Amino acid sequence: MNTSVTKPSNRRKSIQDFVTEAFEILAEGGTADALTIDGLCSRLGVSKGSFYWHFKGRGPLIDALVDAWSGNFHVAIHRAIKAQTAGNGRTVIEEISHYWLSSNMSRLDQVMRHWAQHDEGVYKAVCRADELLLNFLKSNIETLAYSEEEAHRRARLMMAIGIAEPLLTHLPKAGADDKELQWILDRVLGLKK
């Protein structure tokens, strides 16, 4: 976990700043217990007063995280990828896959799924996030001339691979990450160029 202290900034931190940094702490720490008010304030370079300006305590911060995870967080990622790729279904699928593997996203997803086993609110947020991702993948796979049913199956398969892959890091891969991803997209999902 990154425990470095950030230099104080003159800019007031927004709720979104706190939520974004809290997600980073969760991903790096690997557990919900890694998120503390002291650690969050230290990372943002702000006093606890700044935190309490937005949140009455850790509970409301958790509520904001759960709310973000169940919607805005994922929608923003999907929109950015869609805009970056000009809506090309194949490229959208490739970009979201690269994003998943090259960012803290897969680690954060693992933390949220583990946390969901013990917290009903987090469970509901994970379910909603999964629905958003499934629909996003499915709609983009449908643009590749697959039926709705076939696109649904392929989207679920892609999600299953994405969720399971980070759990298998102890096993060697046949090739580099980008080649492995391309193999999955080309063969398992049938998205050959």
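This note goes through a predicted model point by point, from the overall fold to single residues.

1. Overall make-up. The protein contains 10 helices and 0 strands. Read from the N terminus, the order of elements is α-α-α-α-α-α-α-α-α-α. The C-alpha trace spans about 55 × 35 × 35 Å along its principal axes.

2. The protein has 193 residues, of which 41% count as buried. Among contacts with a separation of 6 or more, 64% are between residues 24 or more positions apart.

3. Aromatic pairs, and Phe23 with Phe73. Searching the whole structure gives 7 aromatic pairs. One of them is formed by Phe23 and Phe73, with 4.7 Å from centre to centre and 50° between the planes, a tilted arrangement. Phe23 belongs to helix α1 (residues 15-29) and Phe73 to helix α5 (residues 72-84), so the pair links distant parts of the chain, 50 residues apart. Phe23 has a relative accessibility of 3% and therefore counts as buried, the limit being under 20%.

4. Phe51 with Tyr52. These two residues also form an aromatic pair, here edge-to-face, with the centres 5.1 Å apart and the planes at 85°. How does burial compare across the pair, buried or partly exposed for each residue? Phe51 is buried, at 0% relative accessible area, whereas Tyr52 counts as partly exposed, at 41%. Both rings belong to one aromatic cluster that also takes in Phe18 and Phe55.

5. A charge over a ring. Which residue lies over the face of Trp53? The residue is Arg12, at 4.3 Å from the ring centre.

6. Packing of α5 against α6. Two packed helices are described by the angle between their axes and the distance between the axes. For α5 and helix α6 (residues 89-102), the axes come within 9 Å and cross at roughly 130°. The crossing of α5 past α6 is right-handed.

7. Residues at that contact. On the α5 side, the residues are Ile77, His78, Ile81, Lys82 and Gln84. They meet Val92, Glu95, Ile96 and Tyr99 of α6.

8. Ala86. The loop between α5 and α6 holds Ala86. The phi of Ala86 is near 55°, a positive value in a residue other than glycine. Is Ala86 buried or exposed? Ala86 is exposed, with a relative accessible area of 75%, because the limit for exposed is over 50%.

9. Ala145. A positive phi is found at Ala145 as well, about 75°, although this residue is not a glycine. Where does Ala145 lie? Ala145 is in the loop between α8 (120-142) and α9 (148-164). Its relative accessibility is 72%, and Ala145 counts as exposed.

10. Gln110. This residue is part of helix α7. With 18% relative accessibility, Gln110 counts as buried, since the limit for buried is under 20%. Which residues does Gln110 touch, leaving aside those up to four places away in sequence? The contacts are with Pro166 and Leu167.

11. Glu28. Glu28 sits in helix α1 and counts as partly exposed, at 28% relative accessibility. Along the chain, Glu28 and Leu108 are 80 residues apart, and their C-alpha atoms are separated by 8.0 Å.

12. Asp119. The loop between α7 (105-116) and α8 contains Asp119. Asp119 is partly exposed, with a relative accessible area of 29%. The C-alpha atoms of Asp119 and Ile184 are separated by 33 Å, and the two residues are 65 residues apart along the chain.

Key: Residues are numbered from 1 along each chain as its sequence is written. This is a predicted model: local features need pLDDT of at least 70, side-chain atom pairs count only at pLDDT 80 or more; totals for chains, interfaces and linings use all residues. Side-chain values use heavy atoms; hydrogens and water are left out. Rings of Phe, Tyr and Trp (its six-membered ring) pair if their centres lie within 6.5 Å; planes under 30 degrees apart count as stacked, over 60 as edge-to-face and the rest as tilted. Helices (H or I, at least four residues) and strands (E, at least two) are DSSP runs, numbered from the N terminus. Buried means under 20% relative accessible area, exposed over 50%, partly exposed in between (1.4 Å probe, protein chains only). A charge sits over a ring if NZ of Lys or CZ of Arg is within 6 Å of the ring centre and within 35 degrees of the ring normal. Axes are lines fitted to C-alpha atoms, for helices over the stretch in contact, and angles run from 0 to 180 degrees between N-to-C directions. A crossing is left-handed if the near helix is turned anticlockwise from the far one by less than a right angle, and right-handed if clockwise. Contact means heavy atoms within 4.5 Å.
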